[in-house]
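Here are a few notes to read alongside the model.

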Amino acid sequence: MRGSESGFAHGTSGSPQSTFESWMYALKVLKNERAVENSMINENLVAELERKGVKFSRENMLFITRDKTGQIIWLENGSKGAGLEHIQMRHARDFADKVNVRESDIPAFLHRVITYGTVVENKIVKRHGRDGYSRKYRYAGRDYILTGIGLNGFLVSAYPID
């Protein structure tokens with residue numbers, strides 16, 4: 001008979017060992033999530049932006065990458081008018097409905113598409129009196145997103161296309 005003086009069988013639900021193992025598993029999951037988040041920040045690209053004197057917020061940066069055009073592109077938390085807050089506010093439903101991406105997964109999805117996708121359309125457009133890039137990316141065999149990117153590389157907006 002397996003038992004202990006605490007009244008819990010060794011390794012059963014509610015036992016100290018089981019609780020400890022649950023905590024260790026939760027810690028491992030949290031470390032993996034942070035590693036994924038941190039892998040979306042390439043410190044060499046951040047340093048390159050700094051050397052070029054580009055204005056950005058390191059604290060609010062969610063990812064930074066280089067797309068197939070060679071441009072450094074980054075996403076920040078942003079505001080209602082630009083960045084992740086804008087994308088989530090205006091296009092979260094589109095991401096869910098068209099490409100089955102949850103709101104919380106939008107940054108990782110955009111990072112993957114911009115990093116590994118092919119630019120199939122690239123043009124300079126003027127929005128609100130400012131020039132920027134309108135780019136369409138193809139990823140995994142289909143056209144996925146249309147983006148608005150500042151000339152400096154800041155990801156202003158993005159949404160999935162049909």
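1. The axes of α3 (84-99) and α4 (106-116) come within 11 Å of each other and cross at roughly 80°. Axes here are lines fitted to C-alpha atoms over the stretch in contact, with angles from 0 to 180 degrees between N-to-C directions. The two helices are therefore roughly perpendicular (65 to 115 degrees). Helices are DSSP runs of H or I with at least four residues, strands are E runs of at least two, and both are numbered from the N terminus.

2. This is a predicted model, with local features needing pLDDT of at least 70 and side-chain atom pairs pLDDT 80 or more, while totals for chains, interfaces and linings use all residues. Residues are numbered from 1 along each chain, and side-chain values use heavy atoms, leaving out hydrogens and water.

3. Which residues make the contact (heavy atoms within 4.5 Å) between α3 and α4? From α3 come L84, I87, Q88, A92, F95 and V99, and from α4 come I106, P107, F109 and L110.

4. The largest nonpolar core has 21 residues, and F95, I106, F109, L110, I145 and L155 touch the most other members. Such a core is a set of buried Ala, Val, Leu, Ile, Met, Phe, Trp, Tyr and Cys residues joined through side-chain atoms within 4.5 Å. A second, separate core of 11 residues includes L45, I64, W74 and F154.

5. Helix α2 (residues 43-52) has L45, V46, E48 and L49 buried (under 20% relative accessible area, with exposed over 50% and partly exposed in between; 1.4 Å probe, protein chains only). The face turned away from them carries exposed N44, E50 and R51.

Key. Angles under 35 degrees count as roughly parallel, over 145 as roughly antiparallel, 65 to 115 as roughly perpendicular and the rest as oblique. Contact means heavy atoms within 4.5 Å.
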